[in-house]
Amino acid sequence: MKTHPKLTAILFFLLCHITIASSAPLYMAVDNITLSCGTSGNTKAADQREWVGDLGSKFFPKEESNHKSITSPAQSQASVNTVPYKTARLSYFPFTYVFPVTPGPKFVRLYFYSASYSDFDESKDYFTVKAGSFTLLKNFSASNSLGKETLIKEFCINVEKNQKLNLTFIPFPSNYYAFINGIEIVSMPIEYMYYSPQGFTKDELVPEYVGQGPQFFINYSMALEMVYRLNVGGNSISPMEDTGMFREWSEGRNYLWSEGWSPNELSEKLKYSKIPNYTAPDTVYRTAISMGPNSTMNSVSNLTWGLPVDTGFDYLVRLHFCEIDPIVNLVSSRVFTIYIDYQIAEERADVISWADDNKYTPIFKDYVVKIQNKGSEKKHILSIDLHPVSDPEITYWDAILNGVEVFKLSDSDGNLVGPNMAPPLLDQQPAPTANKFSTKKTIFIAIGSGVGFLLMLTLVYCMVLWKSKKTKRYGSYHPQPKWWCWPYPYNRKLTRTKASSLPEVLCRYFTLNELKTATDNFNEELLIGVGGFGNVYKGLIDNGNVY
C-alpha cells in the first residue's frame with residue numbers, strides 16, 4: 001500500500017507540532033538574558049542554554065576610563081569546566097552592568113566561581129553588589145563560601161517603567177577586588193509568584209504575618225533574596241527541568257529533622273485549578289513527606305525542618321501542598337497545625353479542603369515571619385513544624401508537605417545584607433593606585449602621632465623630677481609611688497642577692513633576702529604600721545638610708 005506524499009508531509013508536520021508543543025516550557029519569559037562575563041561570542045553550557053559574552057556586546061560594563069576592569073580565564077578548571085564559570089571579569093575599582101529590560105519583576109542570578117585568576121589573589125575578593133537602590137551583597141567573598149567552589153545568588157527585583165536594571169560591583173578598599181562570572185536575568189509572572197502588592201493582588205494570595213498581624217503586603221519597592229527552594233519529598237530539580245523560570249530546586253531531606261514517609265504519585269494527572277501550572281514543577285507536587293500510618297506515634301510527634309537564616313529580617317515562607325496519598329480522599333481526613341518559628345501559622349490545615357474537595361490539586365500557602373535580632377546571634381534556625389490535629393472525627397492523624405521556598409525580604413533601607421557579612425581585616429599594603437591626598441593624610445597622621453608620643457614622654461619625665469624633689473624636700477620615708485614605674489617585663493625569679501646601686505628615683509625590686517637584711521629579719525621594733533596588704537616596716541638599705 002502506497003502512502004500519498006502530501007498525506008505523509010501533513011502527518012509529519014502534525015507530529016512535529018505536537019512534539020514541540022509538548023516539550024515547550026509552561027512559562028515563556030519576556031526577558032531571558034544569560035551573560036557570560038569575561039568572554040566574547042555565544043557559548044553553550046552543559047544544559048545547552050546559550051550564553052552571550054560581555055566582550056563586544058551591548059551589555060559591556062560601564063567604568064571609569066582610567067580604572068578599567070580586566071578579563072581572565074579561571075586558572076583551575078579541573079572540577080568546573082562549564083559556562084559561565086570558565087572566565088570572569090575582575091577589577092580593583094567599581095564597574096556597572098546596565099540591562100535594558102521590560103518593566104516588571106525579574107529573577108536576577110549572580111554566578112561566582114572561587115578560583116585563581118591572572119594577577120589576582122584568590123583570597124582578596126571582598127566587594128559589594130548593588131542593584132539600583134538595593135544592596136544585594138556587602139563585604140561578600142566567594143572564597144569564604146564554606147568550601148563551595150561555585151555559588152549562585154538569586155534575587156527578585158522589580159523594574160519600573162522607563163527604568164533600566166543596573167548592577168554595580170564595588171570592591172572593598174585597600175587592595176581588594178570584585179569579580180563576576182555570569183549574570184542571568186529572567187522575567188517572572190506578575191501573579192501567583194512572590195510579590196503581593198497592596199491593592200493589586202487577590203486577597204487570598206496575601207501572606208499571613210505570623211505572630212505579628214493579619215497580613216503582610218510584599219510591595220514592588222522591596223527586593224527578595226532566595227534562601228531555600230526545596231523539593232521536600234524528591235530529588236533535586238535542575239533549572240532546565242523547571243517550568244520556564246530556570247529555578248533550581250534542592251533536595252529537602254538534608255533539612256528534615258524528623259522521621260518521615262515518602263508518598264508519591266507518578267501516574268495521576270495533576271489538576272491545576274487553583275494555581276497556574278508554572279508555579280512549581282510537577283515533580284514537586286507528585287512527591288511529598290508525611291508522618292506515616294502510626295497515629296499514636298504521630299500524635300506526640302512533629303514533622304520538622306530546620307533552616308539556618310540571618311537574624312534581623314522578615315522572611316517569606318511558601319509551603320507547597322498536593323494531596324497525593326491514595327487513602328486520603330475526603331475533607332477533614334487529614335488535618336494538621338502549621339508552626340513557623342514556633343508560632344502558629346495555620347491552626348487547621350486541610351489540603352483537600354483548600355483544593356475545593358479535590359485530590360491531586362496543587363496549591364500553596366504563603367506566610368511571612370519576622371526573625372528578630374537576638375544579641376550577638378547572627379544566625380537563627382527557622383523551624384517549620386507540622387503537627388496532626390488529634391481529633392476523634394479526623395480519620396488520619398498525619399501531616400503532609402510537598403515543597404518549601406524561603407525568601408529574605410529587604411528592610412526599609414533596601415538592604416539584604418546579613419550581620420555575618422563582616423568587613424575583612426585591612427592589609428598593611430597600599431591600594432594599587434593610592435591618590436596623593438591619601439598619602440599626605442597618612443603622613444600627617446604619622447607626624448601627629450610622633451609629636452604626641454614625645455609630649456607624653458616629656459610630661460612623664462617632668463612628673464618624675466617633681467616627685468623626686470618633693471620627696472627630698474619633706475624628708476619622706478615612703479618609697480616612690482608605683483604608678484609611674486614600668487612593670488617588670490619578665491615573670492621569673494630575681495637572682496640578685498646584694499643591694500642595688502640604682503639611683504633612688506628609679507623603681508626598685510627587692511628580693512626576700514634583701515628585705516630580711518634591711519628589716520633585721522622583720523624585727524617588731526622596726527614595725528611602723530599595718531596596711532591592707534600586711535605589716536609595714538622601716539629598714540636600712542644602700543649606704544644606710546632609711547626607707
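# Close-up views of the predicted model

**View 1. Y209 counts as buried at 13% relative accessibility.** The model shown here and in the views that follow is a predicted one. For Y209 the assignment holds because a relative accessibility of 13% falls under the 20% below which a residue is called buried. F216 is likewise buried, with a relative accessible area of 13%. The chain that holds these residues has 547 residues, of which 45% count as buried. Its secondary structure comprises six helices and 29 strands, and its accessible surface comes to about 30100 Å², with 56% of that surface belonging to carbon and sulfur atoms. Where contacts join residues at least 6 apart in sequence, 72% of them link residues that are at least 24 apart.

**View 2. Aromatic rings pair edge-to-face at F127 and F140, and again at Y209 and F216.** The structure holds 29 aromatic pairs. In the pair of F127 and F140, the ring centres lie 5.5 Å apart and the planes stand at 85°, so the arrangement is edge-to-face.

**View 3. L382 is among the residues of the largest nonpolar core that touch the most other members.** This core holds 49 residues, and W305, L319, F321, F336, I338 and V404 are named alongside L382 for touching the most other members. With residues up to four places away in sequence left out, L382 touches W305, G306, L307, V309, V317, I340, D341, V369, I371 and V406. Apart from this core lies another one, of 47 residues, which includes F112, V129, A142 and Y177.

**View 4. A salt bridge joins the side chains of E184 and R109 at 3.0 Å, N to O.** The pair links distant parts of the chain: E184 is in strand 13 (residues 182-187) and R109 in strand 7 (residues 104-113), and the two are 75 residues apart. Both partners are buried, E184 with a relative accessible area of 0% and R109 with one of 2%. The structure has 18 salt bridges by the rule applied, and E184 and R109 belong to a network of such bridges that also includes R49, E154, R229 and E405.

**View 5. R229 and E405 meet through their side chains in a salt bridge of 3.0 Å, N to O.** Because R229 lies in strand 15 (residues 224-231) and E405 in strand 25 (residues 403-409), the pair ties together parts that are 176 residues apart in sequence. R229 and E405 are both buried.

**View 6. K370 and D314 form a salt bridge between their side chains at 3.5 Å, N to O.**

**View 7. F510, L512 and L515 make a nonpolar surface patch of about 250 Å².** L515 has its place in helix 6 (residues 512-518). L515 is described as partly exposed because its relative accessible area is 35%, which lies between the 20% and 50% limits.

**View 8. I541 and E514 are 8.4 Å apart in space, C-alpha to C-alpha, while 27 residues separate them in sequence.** I541 is found in strand 28 (residues 540-541). At 17% relative accessibility, I541 counts as buried.

How values were computed: Residues are numbered from 1 along each chain as its sequence is written. This is a predicted model: local features need pLDDT of at least 70, side-chain atom pairs count only at pLDDT 80 or more; totals for chains, interfaces and linings use all residues. Side-chain values use heavy atoms; hydrogens and water are left out. A nonpolar core is a set of buried Ala, Val, Leu, Ile, Met, Phe, Trp, Tyr and Cys residues joined through side-chain atoms within 4.5 Å. Buried means under 20% relative accessible area, exposed over 50%, partly exposed in between (1.4 Å probe, protein chains only). Contact means heavy atoms within 4.5 Å. Patches are made of residues with over 30% relative accessible area and no salt bridge: like charges are joined within 9 Å, nonpolar side chains (Val, Leu, Ile, Met, Phe, Trp, Tyr) within 5 Å. Accessible areas come from the Shrake-Rupley method with a 1.4 Å probe; for residues, only the protein chains shown count as cover. A salt bridge is a side-chain nitrogen of Lys or Arg within 4 Å of a carboxyl oxygen of Asp or Glu. Helices (H or I, at least four residues) and strands (E, at least two) are DSSP runs, numbered from the N terminus. Rings of Phe, Tyr and Trp (its six-membered ring) pair if their centres lie within 6.5 Å; planes under 30 degrees apart count as stacked, over 60 as edge-to-face and the rest as tilted.
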